[in-house]
Amino acid sequence: MTGHEARATAVTTRDFVGARQHELGRGRDAAFTAFVDASWSRLHRHGYVLTGSSVEAEELVQETLVKVYQAWHRIAPDGAPLAYTRTAMARSHVSRWRSLTRRSAVEDRVVLDRTLAAGHPAWE
């Protein structure tokens, strides 16, 4: 095989692999879209139970679906994607709640420190 024939074969193989991956990507997108269409209302209700707000529930569902889409190739159709997504939603909500709680605690501490410093004779 000459160098030119080897390059032509490599290009053809690369094109075939790229086309196959593109087809698989479209299949993955179609499967994910079908999952979202079938599960949106249940996921939104689950988000509402977690957050207590329809707006926050929608944000939580959307954020979680972005993460689930990125991991969709690992989630087999018979691997219970709805349960996986609900678990991911709960974990995301807990992480968000912890972050807000920590931020609030730090802000309260700063206000308390400033209040104590303002009333202390050494700081005046």
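So, Ala80: find it in the loop between α2 and α3, where α3 covers 81–119. Keep in mind that this is a predicted model. What's the phi of Ala80 like? It's near 60 degrees, a positive value in a residue that isn't glycine. And is Ala80 buried, exposed or partly exposed? Partly exposed, with a relative accessible area of 39%.

Okay, let's step back from that loop and look at the protein chain. It has three helices and zero strands, so reading along the sequence you get α-α-α. There are 124 residues, and 19% of them count as buried. Now take the contacts with a separation of 6 or more: 59% of those come from residues 24 or more positions apart. The accessible surface of the protein chain is about 9200 Å², and carbon and sulfur atoms make up 59% of that.

Now for α2, which is residues 54–70. How far apart should its ends be? With 17 residues at 1.5 Å a residue, α2 should span 24 Å, and the end C-alpha atoms are 25 Å apart, which agrees.

Which residues of α2 are buried? They're Ala57, Leu60, Val61, Thr64, Leu65 and Val68. Those residues cover an arc of only 135 degrees around the axis, so they sit on the same side of α2.

One more thing about Val55. Its backbone nitrogen lies 3.4 Å from a side-chain oxygen of Ser53, and that's how Ser53 caps the N-terminal end of α2.

Notes. Residues are numbered from 1 along each chain as its sequence is written. This is a predicted model: local features need pLDDT of at least 70, side-chain atom pairs count only at pLDDT 80 or more; totals for chains, interfaces and linings use all residues. Side-chain values use heavy atoms; hydrogens and water are left out. Helices (H or I, at least four residues) and strands (E, at least two) are DSSP runs, numbered from the N terminus. The expected span of a helix is 1.5 Å times one less than its number of residues. Buried means under 20% relative accessible area, exposed over 50%, partly exposed in between (1.4 Å probe, protein chains only). The arc is that of the directions from the helix axis to the C-beta atoms. A polar contact is a pair of N or O atoms within 3.5 Å; within protein, one must be able to donate a hydrogen and the other to accept it, and residues adjacent in sequence count only if both atoms are side-chain atoms. Contact means heavy atoms within 4.5 Å. Accessible areas come from the Shrake-Rupley method with a 1.4 Å probe; for residues, only the protein chains shown count as cover.
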